[in-house]
Amino acid sequence: MHLRLRNFMWLAPLLVSFPIFATEPSAPQLRQQAWMVLNSGLAHTKAQHRVEAVKALSLVTAERASVKLALHALDDDNSAVRTAAAITLGQLHAANAIPQLRQALSDKEISVVLAASQALYILRDKSAYGVYYAILMGDKKASDGVIQAQLDRLKDPKKIVQLGFQEGMGFVPYGGIGVEAYRVAKNDNSQVRAAAARFLALDPDPMSGDALVQIALADNNATVRQAALDALAERGDAACISKLQRNLNDPKLAVRYRTAAAMLHLSDLQRRPARKK
């Protein structure tokens, strides 16, 4: 064996002199290799590979192929893959995917419905608000036909955990606003309802505004009430200030203080035009 090594020692200087044996791949070659890796994940027989590959597509923002591949994944047999595809389409800001995302609102798996809602919310499509209203209020708007058959499943806290709502709600469900207020026990569906309330902040429909006031004043869960107050503050409708007044004597400290802060914020918004004049 040592003799064989000695016989090839003379090659060493040549390997140094001729770097052709160690040339680095070109940029196009690297891109091709990267796409091959991604495509192999997207076509993998194991769902977890497809899930991770679809999630990774959210980084490929400058290429149309990423949207096309994510749309294809939206029809996957596995619900986790469909959920990841919906979230990715939202992160890619794929406006051309709105029709398919609306169809996903009728998916048999609630995690897919929630993911599609989040994507439509990012894309500023009003279809999302119907889902969040239904989750928050336990009923759909009269003009909306989304997820009515699934509302009973949403009312069961144990089912909520099983349905993988965290994946469906996305990676940053509250947009970085007051997240700490909604960290609750896993055997409780209040996190989902709180998230739904926060998403309704930008719904222009007065029906959603009325629902948020109702929740802020009378819901059984303090976490959901706080989320509704946050949403009302963001909506900026000063007309609800007087309605919230009774919360100032609420026995729940967090609700009482959050109501006071929301009322002050709305009052400041009401006074701003006068200051400008």
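## Basis of the model

Because the model is predicted, local features are described at a pLDDT of at least 70 and side-chain atom pairs count only at pLDDT 80 or more, whereas totals for chains, interfaces and linings use all residues. Residues are numbered from 1 along each chain as its sequence is written, and side-chain values use heavy atoms, with hydrogens and water left out.

## Overall make-up

The secondary structure of the protein consists of 17 helices and zero strands, where helices (H or I, at least four residues) and strands (E, at least two) are DSSP runs numbered from the N terminus. Of the 277 residues in the protein, 44% are buried; here buried means under 20% relative accessible area, exposed means over 50%, and partly exposed is in between, with a 1.4 Å probe and protein chains only.

The accessible surface of the protein comes to about 16100 Å², and carbon and sulfur atoms hold 55% of that surface; the areas come from the Shrake-Rupley method with a 1.4 Å probe, and for residues only the protein chains shown count as cover. Among contacts (heavy atoms within 4.5 Å) with a separation of 6 or more, 61% are between residues 24 or more positions apart.

## Helix 13 against helix 15

The axes of helix 13 (residues 190-199) and helix 15 come within 8 Å and cross at roughly 10°, the axes being lines fitted to C-alpha atoms, for helices over the stretch in contact, with angles that run from 0 to 180 degrees between N-to-C directions. That crossing makes helix 13 roughly parallel to helix 15, since angles under 35 degrees count as roughly parallel, over 145 as roughly antiparallel, 65 to 115 as roughly perpendicular and the rest as oblique. On the side of helix 13, the contact is made by Ser190, Arg193, Ala194, Ala197 and Arg198, and on the side of helix 15 by Thr223, Val224, Ala227, Ala228, Asp230, Ala231 and Glu234.

By class, this contact of helix 13 with helix 15 has six nonpolar, two polar and four charged residues, where Ala, Val, Leu, Ile, Met, Phe, Trp, Tyr, Cys and Pro count as nonpolar, Asp, Glu, Lys and Arg as charged, and the others, Gly among them, as polar. Helix 13 is mostly covered, with 10 of its 10 residues buried; the buried residues include Arg193, Arg198 and Phe199.

## Helix 6 against helix 8

Helix 6 and helix 8 pack with their axes 8 Å apart and at an angle of about 5°, and they are therefore roughly parallel to each other. Helix 6 brings Ser79, Arg82, Thr83, Ala86, Ile87 and Gly90 to the contact, while helix 8 brings Ser111, Val112, Ala115, Ala116, Gln118, Ala119 and Ile122. The residues of this contact of helix 6 with helix 8 divide into seven nonpolar, five polar and one charged.

## Salt bridges

A search of the whole structure finds eight salt bridges, each defined as a side-chain nitrogen of Lys or Arg within 4 Å of a carboxyl oxygen of Asp or Glu. One of them joins Arg50 and Asp76, with the closest N and O atoms 2.9 Å apart. This pair links distant parts of the chain, Arg50 being in helix 4 (residues 47-56) and Asp76 in the loop between helix 5 (64-73) and helix 6, 26 residues apart. Both Arg50 and Asp76 are buried.

Arg102 forms a salt bridge with Asp125, the closest N and O atoms lying 2.5 Å apart. Arg102 is in helix 7 and Asp125 is in the loop between helix 8 and helix 9, so the pair ties together parts that are 23 residues apart in sequence. Arg102 counts as partly exposed at 44% relative accessibility, whereas Asp125, with a relative accessible area of 8%, is buried. Arg258 and Asp230 form a further salt bridge, with 2.7 Å between the closest N and O atoms. Because Arg258 lies in helix 17 (residues 253-276) and Asp230 in helix 15 (residues 222-235), this pair ties together parts that are 28 residues apart in sequence. Arg258 is partly exposed at a relative accessible area of 22%, and Asp230 is buried at 15%.

## Loop residues with positive phi

Most residues other than glycine have a negative phi. His93, however, has a positive phi near 55°; His93 is placed in the loop between helix 6 (79-91) and helix 7 (98-104) and counts as exposed at 54% relative accessibility. Arg124 also has a positive phi, near 60°, and lies in the loop between helix 8 (110-122) and helix 9 (127-137), where Arg124 counts as exposed at 77% relative accessibility.
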